[in-house]
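Here is a short briefing to read alongside the model.

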Amino acid sequence: ISLEEKQAINEEIESGTLKLLYVSPEKLLSPNFIIYLNNRPISLIAIDEAHCVSVWGNDFRPDYVALKILKSSFPNTPLVALTATADASTQEDIKKQLQFPDAKTFISSFERDNITVESRPGQQRIQQIINWVHQRKGQAGIVYCLSRKSTESVADKLKSQGFKAANYHAGMDSADRDKVQKDFTDDRIDIVCATIAFGMGIDKPNVRWVIHFNMPKNMESYYQEIGRGGRDSLPAQALLFYSFADVAQLRRFINTSENADVEYAKLERMQQFAEALSCRRIALLNYFGEHMT
């Protein structure tokens, strides 16, 4: 943000009129910022996307681990860590990393009973998607792809069939990305073919279906992404395609990760889920520690 905006925010903090301040971990840990905050009354510190703190989380980020200094820097300020996707080991690791091992844990159900989950082998995906969308014409949906190139080719094929579709990925100009997001939110287009760059902050209530063109790298990502469907509590559908080629590509991505062992284990669980012959809803809930038969 601009220097003028920073100055205006500082003035609101000084006068006590600012009620809610959002900062990135990087900003929080920048020189003197904690000292600056220490001289002001803070009612609560909330760490969002707290699974990023954990080496067992699906999106581990080193900058988040440094947030452990919050408990010692603000010993009298309540601290809460929030996430929508943390299995049992991740929950325990979050408490350990943030140095409040005895903190109470509050867990709501992971059940999303309005979303039907389905998985299919990845042969002839494009034709299967075209058939799927033909049966749901006019409904809003998202197709998640592993590569930028795939988002473009899938969107082009859907447009050639007469569907109102667009692609979205991090390599696009920010103005173009904003336009696609706004067109989708305002119902000018029905389908977005996107990488995982799309979805952060998306709160469109009437997304009726989510397709994974490729298998995600872990169950947490899958659960988060299908949760963009059916936010109005009406029925929604999630269709997952999987193939050995997807697994091989994801393993190549993991090879360069500093957290490879954990990510390989999570990928294996994702593959087991995709190939399961039993009820996938039960498998999903069991994964997150909500055991049912």
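In which sense do E7 and strand E8 (residues 236-242) pair, and over how many bridges? E7 and E8 pair in the parallel sense, over four bridges; here two strands pair if DSSP finds at least two bridges between them. Helices (H or I, at least four residues) and strands (E, at least two) are DSSP runs, numbered from the N terminus. This is a predicted model, in which local features need pLDDT of at least 70, side-chain atom pairs count only at pLDDT 80 or more, and totals for chains, interfaces and linings use all residues. Residues are numbered from 1 along each chain as its sequence is written, and side-chain values use heavy atoms, with hydrogens and water left out.

**The sheet**

- Six strands make up an open sheet with parallel pairing, in the order E3-E8-E7-E4-E6-E5.
- At the edges are strand E3 (115-121) and strand E5 (165-168), each of which pairs on one side only.
- On average, neighbouring strands of this sheet are turned by 15 degrees against each other, direction ignored. Axes are lines fitted to C-alpha atoms, for helices over the stretch in contact, and angles run from 0 to 180 degrees between N-to-C directions.

- Buried means under 20% relative accessible area, exposed over 50%, and partly exposed in between (1.4 Å probe, protein chains only).
- In a regular strand, side chains alternate between the two faces of the sheet.
- In E4, Ala140, Ile142 and Tyr144 point one way while Gly141 and Val143 point the other way, and all are buried.
- E4 runs parallel to E7 and is joined to it by five bridges; Val143 has Ile211 as its bridge partner in E7.
- E4 also runs parallel to E6, with four bridges between them, and Tyr144 stands opposite Ala194 in E6.

- Thr195 sits in the loop between strand E6 (191-194) and strand E7 (207-212).
- With a relative accessible area of 11%, Thr195 is buried.
- Leaving aside neighbours within four places in sequence, Thr195 is in contact (heavy atoms within 4.5 Å) with Tyr144, Cys145, Ser147, Arg148, Thr151, Tyr168, His169 and Ala170.

**Helices across the sheet and against each other**

- H10 lies across E3, strand E4 (140-144), E7 and E8, and runs at about 150 degrees to E7.
- Helix H12 (residues 260-275) lies across E3 and E8, running at about 110 degrees to E8.
- Two packed helices are described by the angle between their axes and the distance between the axes.
- For helix H10 (residues 219-226) and helix H13 (residues 280-287), the axes come within 11 Å and cross at roughly 115 degrees.
- H10 contributes Met219, Glu220, Tyr222, Tyr223 and Ile226 to this contact, and H13 contributes Ala283, Leu284 and Tyr287.
- The residues of the contact between H10 and H13 divide into seven nonpolar, no polar and one charged. Ala, Val, Leu, Ile, Met, Phe, Trp, Tyr, Cys and Pro count as nonpolar, Asp, Glu, Lys and Arg as charged, and the others, Gly among them, as polar.

**Salt bridges**

- Side chains of opposite charge can pair when their charged atoms come close.
- A salt bridge is a side-chain nitrogen of Lys or Arg within 4 Å of a carboxyl oxygen of Asp or Glu, and by this rule the count comes to 15 salt bridges.
- Glu111 and Arg281 meet in a salt bridge through their side chains (2.7 Å, N to O). This pair links distant parts of the chain, 170 residues apart: Glu111 is in the loop between helix H6 (88-97) and E3, and Arg281 is in helix H13.
- Glu111 is partly exposed at a relative accessible area of 25%, and Arg281 is partly exposed at 33%.
- Lys159 forms a salt bridge with Asp156, with the closest N and O atoms 3.9 Å apart. Lys159 and Asp156 are separated by about one helical turn, because they are three residues apart in helix H8 (residues 148-160).
- Arg188 and Asp183 also meet in a salt bridge (2.8 Å, N to O). Arg188 is partly exposed at 45% relative accessible area, whereas Asp183 counts as buried at 10% relative accessibility.
- A network of salt bridges links Lys179, Lys182, Asp183, Asp186 and Arg188.
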